[in-house]
Amino acid sequence: MLKSLGIIAAAGLAALTLTACGAAPGAGSAASKGTEIGKTFKLGYDLELSGGVAAYGNAGKNGANLAVDEINKAGGIDGKQITVVSKDNKSDNAEAATVVSNLINNDKVNAVIGSMTSGAVKSMTPNITKGAVPLVTPAGTDDTLTVTNGEVNEYIFRSTFQDSYQGKVLANYTTNELKAKKVVLYYDNSSDYAKGIAKSFEKTYDGKIVDKVSFQSGDKDFQATLSKIKGEDFDAIVMPGYYNETGLITKQARELGIEQPILGGDGFADPTFITLAGDAAATNVYYVSGYSAKALATDTTTKFIAAYQAKYKSEPSMFDALSYDAVYMVKQAAEDIKAKTSVDVKDGLAKLKNFKGATGEITVDKDHNPVKEAVVIKLENGKEASATLVKPD
């Protein structure tokens, strides 16, 4: 959920980010009192509405907008309507940092939803911290987003689980459900997201990794690597990465006659994966998700699905659901603490407990990560065939 694009930011931004990582993550509270909540509650979106992962960003916007509509119809946040300021970061990390600076300094937003990738969130963190405005990322999964160098990043939160947890889920599922004793680990080495999952999987998996190979964002032809893999003895392929590449890899693997299970993280969780792979190839495929209508049958989930279908005439994705929850987390946090400023909203998010969302019940832990259930989804002929709930350790 999501994640680093691997896009190289400008040198100045990189230096700024490194400097911020070396400073105390909570330093922003001393530099700024945050933004005051006025006649309306100002909510900023810093999302990938165009560019390489626009599918994630547009799904996030749909889910967030649905939540905003519902909240405003029900009376708003403590009686104040939500005003949305939505901006496109173009799937570019440097642009995400610029966008969030504008949202805070020019638009005076009280909280930010976004971005959908870890790389973008990392680039935004210095400006978020300096401005003392909380951010909830629906899909940023890198472990270091919320904790850097052992220190909690005071203003960064998420509605999804982190990479290390996804790696553990994949390792446990591969061993216990698929009974796979030998795997090939094939991951995107240009992505912090994919590398984080791969590292956690490698650390947790009890079986044998017979080969470890990699690809990069933007690659299209995987024939050489897949031909090499085909000649090896393995029970499954574990493939952390985003849908743009993993969908194509799955298609080409099946065309070469590789029929073993393919497993991945929540980077598979977009319909584009199935479009790129093709229905027939998207069989015996498993991925970690923060949401499934088949696995989650709570009242909140049922209500969310019905409302989404009515508004958009389509089925919601994981990214819709996670963004929907991110907005409601901000609402509950602000109301629980009777927030007057963005700093108060941050304090409310840090104390959030037993929040009932579309993706399950969430309690925010001391590291600003949600304690929640994960789902492993199985695809057969491009359709969700089953979904298995995985409880936190």
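**Figure 1. Thr148, a residue of strand S5 (147-148)****.** Thr148 sits in strand S5, where strands are DSSP runs of E with at least two residues, helices are runs of H or I with at least four, and both are numbered from the N terminus. This is a predicted model, in which local features need pLDDT of at least 70 and side-chain atom pairs count only at pLDDT 80 or more, while totals for chains, interfaces and linings use all residues. Residues are numbered from 1 along each chain as its sequence is written, and side-chain values use heavy atoms, with hydrogens and water left out. Thr148 has a relative accessible area of 11%, so it is buried (buried means under 20% relative accessible area, exposed over 50%, and partly exposed in between, with a 1.4 Å probe and protein chains only). Met116 is 32 residues from Thr148 along the chain, and 19 Å separate their C-alpha atoms.

**Figure 2. Two non-glycine residues with positive phi, Asn149 and Lys338****.** Take Asn149, in the loop between strand S5 (147-148) and strand S6 (151-152). Its phi is positive, about 50°, even though Asn149 is not a glycine. Asn149 counts as exposed because its relative accessibility is 65%. Now for Lys338, which belongs to the loop between H12 and helix H13 (342-350). Lys338 isn't a glycine either, and has a positive phi of about 55°. With 54% relative accessibility, Lys338 counts as exposed too.

**Figure 3. A cis peptide bond between Gly114 and Ser115****.** The bond from Gly114 to Ser115 is cis, and its omega is near -15°. Look for Ser115 in the loop between strand S3 (111-114) and helix H5 (118-131). Helix H5 also holds Lys122, a partly exposed residue with a relative accessible area of 25%. From Lys122 to Thr300 there are 178 residues in sequence and 31 Å in space, C-alpha to C-alpha.

**Figure 4. Helix H6 (residues 163-176), largely enclosed by the rest of the structure****.** H6 has 14 residues and spans 20 Å from first C-alpha to last, close to the 20 Å expected at 1.5 Å a residue (the expected span is 1.5 Å times one less than the number of residues). Why is H6 largely enclosed by the rest of the structure? Because 10 of its 14 residues are buried. Among them are Asp163, Gln166, Leu170 and Tyr173.

**Figure 5. The buried residues of helix H13 (342-350) and what they pack against****.** Ser342, Val343, Val345, Lys346, Gly348 and Leu349 are the buried residues of H13.

**Figure 6. Domain 1 (41-160 + 296-372) and domain 2 (164-289)****.** The protein chain is split into these two domains, with bounds that come from an automatic or database domain assignment. Taken over C-alpha atoms, the domain centres are 29 Å apart. How many residues of domain 1 are in contact with domain 2? There are 14, and they touch 14 residues of domain 2 (contact means heavy atoms within 4.5 Å).

**Figure 7. The second largest pocket, with a volume of about 600 Å³****.** Tyr287, Glu315, Pro316, Ser317 and Glu384 are the closest to the pocket's centre among the 26 lining residues. Elements that give two or more residues to the lining include helix H3 (54-73), strand S12 (285-289) and strand S17 (383-390). Helix H10 gives the most, with 3 residues. By type, the lining has 14 nonpolar, 6 polar and 6 charged residues; Ala, Val, Leu, Ile, Met, Phe, Trp, Tyr, Cys and Pro count as nonpolar, Asp, Glu, Lys and Arg as charged, and the others, Gly among them, as polar. Domain 1 and domain 2 each supply at least three lining residues. As for terms, a pocket is an open set of points on a 1 Å grid over the protein atoms alone, where a 1.4 Å probe fits, with protein on both sides within 12 Å along at least five of seven lines, and lining residues have an atom within 4 Å of a point. Grid points are joined across faces, edges and corners, and the volume is the space filled by probe spheres set on them.

**Figure 8. Helix H3 (54-73) and the glycine just after it****.** H3 has 20 residues and reaches 28 Å from its first C-alpha to its last, close to the expected 28 Å. Just after H3 comes Gly75, with a positive phi of about 115°.
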